[in-house]
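Please read the short report below beside the model.

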Amino acid sequence: MLGLICVDVDGTLVGTGNVIRDDVWAALADAREKGVHIALCSGRPAIGNARAYAERLDPDGWHVFQNGASIVKVSSGESLSEPFPPQALPGLIGRAHKTGRLLEVYTDLEFAITHPGEYAERHAALLGVSYDARPPEALEGTVVRVQWVVPRTEEHAVVNEPHEGLDLHPAGSPVMPDVSFISVTRAGVSKGSAIERIAAHYGVPMDRVMMVGDGENDVSAMRVVGHPVAMGNADPPAVAASRYRVAHVDDGGLREAVELALTL
């Protein structure tokens, strides 16, 4: 039996229509009762639906949000977050205004947007928070991450633009399949680096950790754990980084992964 299972959200825990299967919840609860640590490992912030998922998975545990930029213990609010380079922020906000693209700017628990509109409203609904069109200048607290929210057709162009000293983590969601979410963190910050910190805190060696994911932003985590699992709906980079393959998210693939973890 493994010591830690790390679970992505969109396309892994959450399937089409923003639905999580009852048998998936049951399998995760069973693993936790048997002593396995369960950690959310998401690109989403620690607010709204993602926070509720983390509280249900393990209310007293550490969870990874914002592609590793936020590591939060949801019960106490303790944070091991990685700040975003402040010198990089004005240029990205300026680029967003120049191109008309939506850039979201995040602290641990709040975010602001450069362009109100359809994408911003849809993403707020996906996150499970009220739509608030406040600009980045009104945001208080330490910025930990920014995120481009663009049409899928623009992902390649955005990824290939200069982001000096930063790492990009493209991802998608079955709930917004026409949109690419390109998370931007300080260089060296990723789901992989965050999982290593959580595993060390729990005293679990990395060869006893499982990461279950479906997107390119899960690859950094899949590369550092001993048991990387790709969902049946996974993108090619995640499949290439995996050791195991399970069913589609809508067919209970995460349940299969959890059951596997109890046998290893």
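## The largest core

The largest nonpolar core has 34 residues. Among these, Ile 5, Leu 13, Leu 28, Leu 40 and Leu 254 touch the most other members. A nonpolar core is a set of buried Ala, Val, Leu, Ile, Met, Phe, Trp, Tyr and Cys residues joined through side-chain atoms within 4.5 Å. Buried means under 20% relative accessible area (1.4 Å probe, protein chains only).

Several elements each supply at least two residues of this core, including β1 (4–7), α1 (22–33), β2 (37–40) and α9 (253–261). Helices (H or I, at least four residues) and strands (E, at least two) are DSSP runs, numbered from the N terminus. The largest share, five residues, comes from α1.

## Basis of the model

This is a predicted model: local features need pLDDT of at least 70, side-chain atom pairs count only at pLDDT 80 or more, and totals for chains, interfaces and linings use all residues. Residues are numbered from 1 along each chain as its sequence is written, and side-chain values use heavy atoms, with hydrogens and water left out.

## A second core

A separate core of 23 residues includes Ala 39, Trp 62, Val 64 and Ala 194.

## The sheet

Three strands form an open, antiparallel sheet in the order β3-β4-β5. Two strands pair if DSSP finds at least two bridges between them. The edge strands, β3 (62–65) and β5 (78–79), each pair on one side only. Four bridges join β3 to β4 (residues 70–73) in the antiparallel sense. Val 64 stands opposite Ile 71 in β4.

Methods
Buried means under 20% relative accessible area, exposed over 50%, partly exposed in between (1.4 Å probe, protein chains only).
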